Amino acid sequence: MQYILATHNQNKVREFSRMLEPLKIEVTTADLPEVEETGTTFEENAYLKASAACKVTGKPAIADDSGLCVHVLNGQPGIHSARYAGENATDADRIAKLLDALKEVPGKDRLAKFVCVICCVFPNGDILTSRGECPGSIAFAPSGADGFGYDPIFLVGDKTFAQMNSQEKDAVSHRGNALRTFQKDLQLYCNK
Ligand code: ITT
């Protein structure tokens, strides 16, 4: 069966493609309209994106809603991570804004987690939802050249996500954890 990967974020496409490869399911992108993310949770927004893509294409659709939750900022930017510094801002703008918000915060209080919720909606209305998290902390300055988004300032142990190679990131990341659960759920669903 062919699945539509309902995202406009090419970095997510790259991570999904490399992690879904062993699953032997055909995943493809499509030219999809932007969906307004009006939900108040990662779960609601992932469902909005997946259900809209399923409706447009008539195929099962997989969406990812993800973000960075900083404890001392009461979980912000959270579901607003993509637009934290405004509509047309760059990754560098978002990172600068977050580092500025934390400039008085000492290392021990810079705890954060990345969250990823994957939702798959089938044409018959069935829904699979998987959540993955990755605990870490926010660095004082960006380091590393790999990855995307907030990767240069998200520390797991002594390395940022942007200092890890793709296998290292996938092994611990929120998306890796969500995808491993999704993989098991999808297998169970398909064998029902
Ligand atoms: P789609 O909705 O089209 O999938 P998006 O980028 O708008 O793309 P989200 O609404 O889920 O997706 O926003 C997620 C944001 O959180 C993303 O733009 C990054 O800024 C950040 N983010 C998510 N996963 C990340 C990761 O693995 N590394 C770094 N930043 C990440």
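How many bridges join strand 1 (residues 2-5) to strand 3, and do they run parallel or antiparallel? Two, and the strands run parallel. The views below come from a predicted model, in which local features need pLDDT of at least 70, side-chain atom pairs count only at pLDDT 80 or more, and totals for chains, interfaces and linings use all residues. Residue numbers start from 1 along each chain as its sequence is written.

**View 1. The whole chain, end to end.** Here we have five helices and eight strands; helices (H or I, at least four residues) and strands (E, at least two) are DSSP runs, numbered from the N terminus. Starting at the N terminus, the order reads β-α-β-α-β-β-α-β-β-β-β-α-α. The radius of gyration is 17 Å, close to the 16 Å that the globule rule gives for 192 residues, so the chain is as compact as a globular protein of that length. (That radius is taken over C-alpha atoms, and the rule is 2.2 Å times the number of residues to the power 0.38.) Picture the C-alpha atoms in a box of roughly 50 × 30 × 25 Å along the principal axes.

**View 2. Strand 3, mostly covered.** Zoom in on residues 61-70: nine of the ten residues in strand 3 are buried. Buried means that 20 or more other C-beta atoms, placed from the backbone, lie within 10 Å of a residue's own. Across the chain, buried residues make up 35% of the 192.

**View 3. Strand 3 and its antiparallel partners.** Ten bridges pair strand 3 with strand 5 (residues 111-121) in the antiparallel sense; pairing takes at least two DSSP bridges between two strands. Look for Ala61, whose bridge partner in strand 5 is Val121. Strand 4 (residues 76-77) is also antiparallel to strand 3, over two bridges, and there Cys69 has Pro77 as its bridge partner. Strands 3 and 4 form a hairpin with five residues between them, and Asn74 in the turn has a positive phi of about 55°.

**View 4. Strand 1 and its parallel partners.** On the strand 3 side, Leu5 has Ile62 as its bridge partner. Strand 1 is also joined to strand 2 (residues 26-28), by three bridges and again in parallel, with Gln2 standing opposite Glu26.

Definitions and conventions:
Buried ≥ 20, exposed ≤ 12 C-beta atoms within 10 Å, placed from the backbone.
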